[in-house]
Amino acid sequence: MRRCSIVLTVLMLLIFPAVAFAESFQEAITYANRDISARYQYRGDFFVSRNVNRLSLNQNIWKNPINLGGVSVHALVYGNPWGDYRNGQYRYLGYTRGGLGFTNINFPCDSKDLLSKYIEDLDWIEYPWKSALVRQAISNMGEGELHRDPMFDCLLATRDLAYKGLQLEKNENGRALAGPRAGSVPWEKYIHVYQPPTQYLCGIGRMWNKKIIGGKPVAYYKTVVMVPYNVAYPPSTPPKGEVPGFKGELGGGGGFR
Amino acid sequence: MTKKQLIISAVIAVILIGLIVAVSVYGKSNNSNINDSKKVTYPERRQIATSIGNGAEGSGSPGTGTSSDSDSNSSGSNNSGSSSKAAGSIGSGNLYQKTYKAAPPETSGYPVPKSHHFFKIEGSLKPSDPDQAELAIYIDFESNFEKQLQELEKTIQPILGQDITKEIVAYMRTKTSRSVGLDKWWETDSKKINVASGYGSYIIEFLSWKK
């Protein structure tokens with residue numbers, strides 16, 4: 001009997017945290033969807049259980065956030081990491097809802113330009129979804145079609161949130177990626193948003209710059225993090241406990257601590 | 001297996017089961033709060049408008065002019081004007097506004113209706129750039145779909161002709177749920193047309209380029 005009770009206790013202790021965590025992942029998605037609906041007037045759920053290729057949201061990727069200058073970047077991706085593997089990182093964390101590759105910000109840059117230039121000094125491609133060069137680059141990488149997202153691309157908020165995200169990044173030599181003029185670049189015109197930022201969830205997107213190599217234009221991409229609204233604009237009076245679904249420390253509204 | 005041992009193990013089991021139930025109930029009660037969040041107001045949004053307005057003021061040009069890739073297109077420098085304009089409007093407080101300024105849809109040459117039910121309709125984002133669509137019509141297939149299709153038909157038929165118009169409208173009708181994705185191209189002597197809708201999206205895009 002003693003053996004029975006020990007086994008029972010151990011089982012319960014193992015099940016208990018699993019149950020607790022499963023709840024918080026679902027909550028994160030619920031909060032993020034609620035936030036996106038309220039903030040961007042997006043009707044229904046942005047994050048759905050499966051993407052176009054029937055791949056489900058990856059809980060492991062979500063629970064292992066990337067640390068970017070002290071900000072936790074949780075990615076809500078579909079499917080598993082894939083693509084080239086360098087320095088212990090896959091090029092893609094998974095896929096977007098529409099089936100495009102969801103690029104990994106920790107994957108080493110293909111171009112070494114950022115070792116000698118500031119981010120604002122590269123030739124970023126405006127409205128990339130309209131660019132034949134970008135479309136070709138995406139096609140060459142075995143991804144799908146890039147379409148403008150009429151809800152989340154080109155929003156004014158993206159400019160500041162992306163700038164604050166870029167300020168957190170450093171190049172391989174430890175120098176800040178963003179230079180003195182990065183604050184005045186209209187970043188929202190260059191970024192295709194995969195994951196819209198919410199109060200507590202980072203936004204993630206990608207932009208492309210053009211380089212001339214051997215007389216021909218080539219597009220290189222850069223994954224961009226948009227900091228959550230609460231990082232860019234901390235509320236002066238925390239709404240903790242006052243508004244349902246907006247309990248500050250629990251991450252209500254956006255879903256993350 | 002004494003009575004005492006049985007009682008102790010039963011108590012432990014009850015406590016652990018109780019804990020699990022409590023956690024589940026707590027989680028659900030949180031979710032029910034979330035479900036009430038239609039009433040949620042975003043106190044932060046008031047703050048955001050002011051802070052962004054202050055942060056974005058005094059912007060200079062985007063600075064892409066110093067790029068050593070100066071033989072490539074100067075998309076960055078073209079932005080400087082619109083950037084500073086947009087920065088000026090940040091102070092008005094709408095963080096969720098689009099920052100580009102599209103030309104009026106009438107400039108496309110299509111007979112655009114004065115009043116319509118489209119989700120959005122706009123002309124070129126950059127009339128001098130042939131890569132930019134001269135007309136973009138966004139249709140919300142979940143709201144007044146039929147009306148929007150009729151209006152689209154009236155708008156595009158005089159330019160694209162009856163056959164292609166019918167094909168386009170018929171193709172749009174295949175968007176019967178959000179899980180249907182669309183992407184198809186048409187060409188006439190003078191126009192190139194794309195109809196697309198992302199998986200999960202409720203918006204269908206109609207884009208037209210000059211050939």
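Guide: What follows is a set of questions on the labels used for the two chains and the values behind them.

Guide: This is a predicted model, in which local features need pLDDT of at least 70 and side-chain atom pairs count only at pLDDT 80 or more, while totals for chains, interfaces and linings use all residues. Residues are numbered from 1 along each chain as its sequence is written, and chains are lettered from A and ligands numbered from 1 in the order in which they are written.

Visitor: Why is Cys154(A) called buried?

Guide: A residue is buried if 20 or more other C-beta atoms lie within 10 Å of its own, exposed if 12 or fewer, and partly exposed in between, with C-beta atoms placed from the backbone. Cys154(A) has 23 other C-beta atoms within 10 Å, so Cys154(A) is buried. Its place is in the loop between helix H4 (132-140) and helix H5 (156-167) of chain A. Of the 257 residues of chain A, 48% count as buried; of the 211 residues of chain B, 29% do.

Visitor: Why does Gln41(A) count as exposed?

Guide: Gln41(A) has 9 C-beta neighbours inside 10 Å and therefore counts as exposed. Gln41(A) sits in the loop between helix H1 (2-40) and helix H2 (59-63) of chain A.

Visitor: What is the phi of Gln41(A), and what is that of Cys154(A)?

Guide: Most residues other than glycine have a negative phi. Gln41(A), not a glycine, has a positive phi of about 55°, and the phi of Cys154(A), likewise not a glycine, is positive and near 70°.

Visitor: How do you know that Tyr200(A) is buried?

Guide: Tyr200(A) has 24 other C-beta atoms within 10 Å, so Tyr200(A) is buried. Tyr200(A) lies in the loop between strand E6 (192-195) and strand E7 (203-213) of chain A. Its C-alpha atom is separated by 5.1 Å from that of Pro228(A), 28 residues apart along the chain.

Visitor: How does the span of helix H5 of chain B compare with the expected one?

Guide: The expected span is 1.5 Å times one less than the number of residues. Helix H5 of chain B (residues 162-173) has twelve residues and reaches 16 Å from its first C-alpha to its last, close to the 16 Å expected.

Visitor: Why are the buried residues of H5(B) said to line one face?

Guide: Thr165(B), Ile168(B) and Met172(B) are buried in H5(B). Seen down the helix axis, the buried residues fall within an arc of 65° (the arc of the directions from the helix axis to the C-beta atoms), so they line one face of H5(B). On the other side, Gln162(B), Asp163(B) and Ala170(B) are exposed. The elements that the buried residues pack against include strand E2 (135-140) and helix H4 (145-160) of chain B.

Visitor: What makes E3(A) and E4(A) a pair?

Guide: Two strands pair if DSSP finds at least two bridges between them. E3(A) and strand E4 (residues 89-95) of chain A have three bridges, in the antiparallel sense, so they meet the cut-off. Tyr85(A) has Tyr90(A) in E4(A) as its bridge partner.

Visitor: Why are E3(A) and E5(A) placed at the edges of their sheet?

Guide: The open antiparallel sheet has the order E3-E4-E5 in chain A. Strand E3 (82-86) and strand E5 (101-103) each have a single partner strand, so one side of each is left without a neighbour in the sheet.

Visitor: What makes a set of residues a nonpolar core?

Guide: A nonpolar core is a set of buried Ala, Val, Leu, Ile, Met, Phe, Trp, Tyr and Cys residues joined through C-beta atoms within 7 Å. The largest has 63 residues, and those with the most contacts inside it are Ala32(A), Ala75(A), Val77(A) and Ala162(A). H5(A) gives the most to this core, with six residues. Apart from it lies another core, of 21 residues, among them Ile137(B) and Ile168(B).

Key. Helix = DSSP H or I, 4+ residues; strand = E, 2+ residues; numbered from the N terminus. Contact = placed C-beta atoms within 7 Å.
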